[in-house]
Amino acid sequence: MAIAKAERLMNLALCLLGTRRPLSKRELRDSIEAYVEAFGPGNGATGSDDSFNRMFERDKDDLRELGLVIETVENLDGEVGYLARRDSNRLPPITLDAEEAAALGLAAKVWQQARLAGAASGALQKLRAAGLPEDVDPYGSHGALEPRIPVHEAAFEPLMLACRDRRPVAFDYRKATAARPEQRHVEPWALECWRGHWYLAGWDRDRGAERVFRLSRITGKVRSRGGRYTADVPDVVTVRETVASWAGEVADRSARIRLRAGAGYPLRAKATSVRELGDGWDELEIPYGHGLDAWLVEFGPDVVVLEPAELRADVVDRLRAVAKG
């Protein structure tokens, strides 16, 4: 059955590519042997016509999914015909250097983990047909360490499709300092992986501002919403810079904290100085930027803020909010 379908699709593609004028469904039905064997010639039998129409529409959609550009043309008599122009189905030669091929392979592995292996494989096949050299292996490793970008979040695929199709979405989101999730209505712009976590940048309709969401904090299903975007999409969506800012990576001053010995290794990695205090505590000086209070709360009782006073107050307020639920 698989071979028969592949042969039928190939014959349909050859017919559409080989014609200089649009061909009607009836002409295609009479020209392709698989259609004639299954339904007979286009003799107007209602039952066979309906079955043929369903198969033809599926075959046409399959060819378009494979990348064939099929035009629908209506003549002066109102009859609809189909053709695939060669100039519309030809790509210029594609050349990739080693770095570009490595990036392509890494992207393909992301799609494989995100249950999009078929689309990734099809894209690479099209690149091969368009001139990607056979000795360039996008899947191959390019060093002793093989780069990988994990995709474990169920929200990744629906959000990626929503970004592509420019569809608003709704989902339940649990902030680091909240005991329960709350619903957010978002116009998604772009996804990016930063420090091993996937983030979504978009326009938060409820807050009327740009926001960044960590996918691992999205609970439940991502739900599509009708309507168009209400905010303009930036020409360049700097997810990485926005996340870095909210995570305190962009720092213009320092903070002093007490950290329990043997805990908080991410904080220790950022520290500019570490001093043992004894009794199981250390004193650290770390860069202080926007969002540091939310990050410190994640370490719970292992962290005590010494200064500045406003950071200490922000952390205490967040902890109290969590305790109240």
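Reader: OK, ground rule as I get it: two strands pair if DSSP finds at least two bridges between them. How many bridges join S5 to strand S6?

Author: Eight, and the two strands run antiparallel. Strand S6 covers residues 197–204. Helices (H or I, at least four residues) and strands (E, at least two) are DSSP runs, numbered from the N terminus.

Reader: What kind of model is this?

Author: This is a predicted model, in which local features need pLDDT of at least 70 and side-chain atom pairs count only at pLDDT 80 or more, while totals for chains, interfaces and linings use all residues. Residues are numbered from 1 along each chain as its sequence is written, and side-chain values use heavy atoms, with hydrogens and water left out.

Reader: Give me the overall picture. How many helices and strands does the chain have?

Author: There are 11 helices and 12 strands. Of the 325 residues, 35% are buried, meaning under 20% relative accessible area; exposed is over 50% and partly exposed is in between (1.4 Å probe, protein chains only).

Reader: Back to the sheet. What's the strand order?

Author: S7-S6-S5-S4-S8, an open sheet of five strands with antiparallel pairing. Strand S7 (209–214) and strand S8 (218–224) are at the edges with a single partner strand each, so one side of each has no neighbour in the sheet. From one strand to the next, the twist averages 45 degrees. Angles run from 0 to 180 degrees between N-to-C directions, with axes as lines fitted to C-alpha atoms, for helices over the stretch in contact.

Reader: And what holds strands together in general?

Author: Strands of a sheet pair through backbone hydrogen bonds, either parallel or antiparallel.

Reader: Why would you call S5 largely enclosed?

Author: Strand S5 (residues 182–194) is largely enclosed by the rest of the structure because 10 of its 13 residues are buried. S6 is largely enclosed too, since six of its eight residues are buried.

Reader: Which helix lies across S4, S5, S6 and S8?

Author: Helix H7 (residues 156–165), running at about 90 degrees to S5.

Reader: Which residues of the largest core touch the most other members?

Author: Leu159, Phe171, Leu191, Leu200, Leu215 and Ile218, out of 18 residues. H7, S4, S5, S6 and S8 each give two or more residues to this core, and H7 gives the most, with five.

Reader: What does Leu215 touch?

Author: Leaving aside neighbours within four places in sequence, Leu215 is in contact (heavy atoms within 4.5 Å) with Leu159, Leu191 and Leu200, among others. Trp198, another of the contacts of Leu215, is the bridge partner of Cys193.

Reader: Switching topic: what does the side chain of Arg268 make a polar contact with?

Author: The side chain of Asp282, at 2.9 Å. A polar contact is a pair of N or O atoms within 3.5 Å; within protein, one must be able to donate a hydrogen and the other to accept it, and residues adjacent in sequence count only if both atoms are side-chain atoms. Arg268 is in helix H9 (residues 265–270).

Reader: And Glu27, where's that?

Author: In helix H2 (residues 25–31). The side chain of Glu27 makes a polar contact of 2.8 Å with the side chain of Arg21.

Reader: Last one: is Gly300 in a helix, a strand or a loop?

Author: Gly300 is in the loop between helix H10 (292–297) and strand S12 (303–307). With 22% relative accessibility, Gly300 counts as partly exposed.

How values were computed: A nonpolar core is a set of buried Ala, Val, Leu, Ile, Met, Phe, Trp, Tyr and Cys residues joined through side-chain atoms within 4.5 Å.
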